[in-house]
Amino acid sequence: MRIGIIGGGIGGTATAYALLRQGFDVTIFEQAAAFGEVGAGVQMTPNAVKAIKGLGLSDKLLRAAFYPKAIVGRNWQSGRENFRIDLGDEFRRHYDAPFIHIHRADLLDVFATELPSEICRFGRRCVGVVQTETGARAEFEGGETFSADLIIGADGVRSAVRGALFEAGDLRWTGHQCYRALVPTDGVVDDVNPDSTFWMGPNAHVVTYYVKGGRMVNIVAVTEASEWVAESWSTRASRDQMLADFAGWQPTLQTLFARVDEVYNWGLFDRDPMQTWSKGAVTLLGDACHPMLPFLSQGAAMAIEDAYVLATALALHRRDLGAALQAYEGERLPRTARVQLEARERGRTYHLPSEEEMAARDADYARRAKEDPRTTGINTDWVYDYDPRAFARALAA
Ligand SMILES: Cc1cc2nc3c(=O)[nH]c(=O)nc-3n(C[C@H](O)[C@H](O)[C@H](O)COP(=O)(O)OP(=O)(O)OC[C@H]3O[C@@H](n4cnc5c(N)ncnc54)[C@H](O)[C@@H]3O)c2cc1C
């Protein structure tokens with residue numbers, strides 16, 4: 001089967017690798033001149049690490065990883081601890097994988113450096129996809145075309161493939177914008193080291209965590225905004241504005257923000273879950289079909305799980321594309337829809353506006369911690385528990 005992938009982000013490169021491993025003839029098309037990722041961190045939760053293990057790349061991943069000790073929730077002003085999920089040996093044993101932090105470029109490299117150069121076509125911007133008698137054809141700016149048995153749209157939140165396939169509708173402006181920055185540690189934030197820390201305050205929250213072996217702190221600082229006017233969804237922002245937006249927050253954060261050199265502003269968009277992702281010989285993957293708020297740290301994780309499941313389904317239904325795509329969607333659509341909707345809901349609970357609501361939420365965290373520590377705080381037991389390798393086992397049985 002000849003397969004074309006549009007988009008060489010984390011989802012597209014993971015899919016290209018997963019399909020090559022299953023013996024498919026793959027070509028990947030990226031609009032940029034090379035594979036590349038923004039200078040920021042990403043949290044890889046156990047479910048994603050299991051998918052990468054299933055692809056045989058976990059040693060490579062873990063060599064570039066930072067291992068946080070715990071996920072900790074803190075009060076925005078006092079720094080008081082509101083919940084703690086320990087990420088030590090018992091956690092790793094329970095989920096059969098660790099929770100790690102990694103620089104996005106290092107994560108992309110895990111997949112991209114496995115791809116032979118002859119299958120990677122750069123500077124190709126896809127502008128349309130059409131069904132043909134024998135499969136599908138991707139069309140690129142400048143007139144180039146590529147025909148294949150299957151075209152996979154892994155071209156991100158503003159997917160051209162999705163636009164060609166379905167009534168796309170507008171992206172949903174979620175009312176959130178976030179600052180992103182990386183700061184060298186130099187011991188300045190020892191009191192949060194080495195945790196993944198959620199600072200929750202009125203109408204805003206901040207997540208801090210370590211990447212690059214603990215040499216850098218990654219900051220994601222989310223506020224609410226009535227509209228997003230910038231053309232791009234990743235633009236340069238000002239440190240002073242960031243400090244002003246978080247005036248009165250815990251001194252550790254103020255110290256950290258004051259050390260920021262470069263800060264970027266992102267408007268956060270998502271979509272409602274779709275009913276289907278495939279038409280004929282074209283399907284979608286990653287942010288192209290299920291863009292989500294980053295509040296459960298799952299967008300890249302979902303794209304990697306998709307990659308593993310899609311390659312598995314295609315390998316087990318080599319002569320029946322319809323059955324393969326049905327198996328892929330049957331496994332992935334309900335899960336990603338739940339993550340999309342629960343990530344939206346976290347946008348509300350992380351940002352409760354009054355002291356009373358925050359106190360009630362924090363009391364609920366404490367109650368759940370007593371019942372089952374894995375379900376406290378951000379409540380992600382059901383996300384981490386998923387093992388995409390179980391899909392492969394079930395399909396093969
Ligand atoms: C603030 C923030 C924090 C996040 N934190 C986490 C986290 O901790 N953990 C996690 O798992 N996820 C996180 N995410 C989500 C994650 O970044 C995305 O979900 C993930 O990168 C999606 O990967 P993708 O490959 O589907 O899309 P993308 O990364 O958008 O890649 C799409 C690729 O397609 C290319 N492309 C686009 N259009 C075309 C075209 N027409 N023709 C050819 N090429 C094209 C692009 O250049 C790009 O290379 C976060 C997101 C944000 C905004």
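1. The coordinates are those of a predicted model, and the remarks that follow should be read with that in mind. Of the 397 residues of the protein, 57% count as buried, and the secondary structure comprises 13 helices and 18 strands. The radius of gyration is 21 Å, close to the 21 Å that the globule rule gives for 397 residues, so the protein is as compact as a globular protein of that length. The C-alpha trace spans about 65 × 45 × 35 Å along its principal axes.

2. As regards contacts and surface, residues 24 or more positions apart supply 76% of the contacts that have a separation of 6 or more. The accessible surface amounts to about 15900 Å², with 47% of that area belonging to carbon and sulfur atoms.

3. Helix H5, which covers residues 104-112, has seven of its nine residues buried, so the helix is largely enclosed by the rest of the structure.

4. The side chain of Thr283 makes a polar contact of 2.7 Å with the side chain of Ser278. When neighbours within four places in sequence are left aside, the contacts of Thr283 include the run Leu150, Ile151, Ile152 and Gly153, and among the others are Trp277, Leu310, Leu325 and Tyr328.

5. Ala148 lies in strand E10, residues 145-148, and is buried, with a relative accessible area of 8%. Beyond its neighbours within four places in sequence, Ala148 is in contact with Arg2, Ile3 and Gly4, and also with Gly135 and Ala136. Val282 is 134 residues away from Ala148 in sequence, yet their C-alpha atoms are 9.6 Å apart in space.

6. His176 is located in strand E12, which runs over residues 172-184, and its relative accessible area of 8% places this residue in the buried class. The side chain of His176 reaches the backbone oxygen of Thr174 at a distance of 3.2 Å. Apart from residues within four places in sequence, the contacts of His176 include Val222, Thr223 and Glu224, as well as Trp266, Gly267 and Leu268; Leu293, Phe295, Gly347 and His351 are also among them.

7. The side chain of Arg389 forms a polar contact of 2.9 Å with that of Asp96. Residues up to four places away in sequence being excluded, Arg389 touches Lys50, Lys53, Gly54, Asp96 and Tyr308. Tyr365, by contrast, is 24 residues from Arg389 along the chain, and the C-alpha atoms of the two are separated by 31 Å.

8. Arg259 sits in the loop between helix H8 (251-258) and strand E17 (263-270), where a relative accessibility of 32% makes this residue partly exposed. A polar atom of the Arg259 side chain lies 3.3 Å from the backbone oxygen of Pro184. The C-alpha atoms of Arg259 and Val183 are 6.7 Å apart, although 76 residues separate the two in sequence.

9. Most residues other than glycine have a negative phi. Ser297, in the loop between E18 and helix H9 (299-316), has a positive phi near 55 degrees. Asn379, in the loop between helix H11 (355-371) and helix H12 (381-385), likewise has a positive phi near 55 degrees, and its relative accessibility of 25% makes Asn379 partly exposed.

Definitions and conventions: Residues are numbered from 1 along each chain as its sequence is written. This is a predicted model: local features need pLDDT of at least 70, side-chain atom pairs count only at pLDDT 80 or more; totals for chains, interfaces and linings use all residues. Side-chain values use heavy atoms; hydrogens and water are left out. Helices (H or I, at least four residues) and strands (E, at least two) are DSSP runs, numbered from the N terminus. The radius of gyration is taken over C-alpha atoms; the globule rule is 2.2 Å times the number of residues to the power 0.38. Buried means under 20% relative accessible area, exposed over 50%, partly exposed in between (1.4 Å probe, protein chains only). Contact means heavy atoms within 4.5 Å. Accessible areas come from the Shrake-Rupley method with a 1.4 Å probe; for residues, only the protein chains shown count as cover. A polar contact is a pair of N or O atoms within 3.5 Å; within protein, one must be able to donate a hydrogen and the other to accept it, and residues adjacent in sequence count only if both atoms are side-chain atoms.
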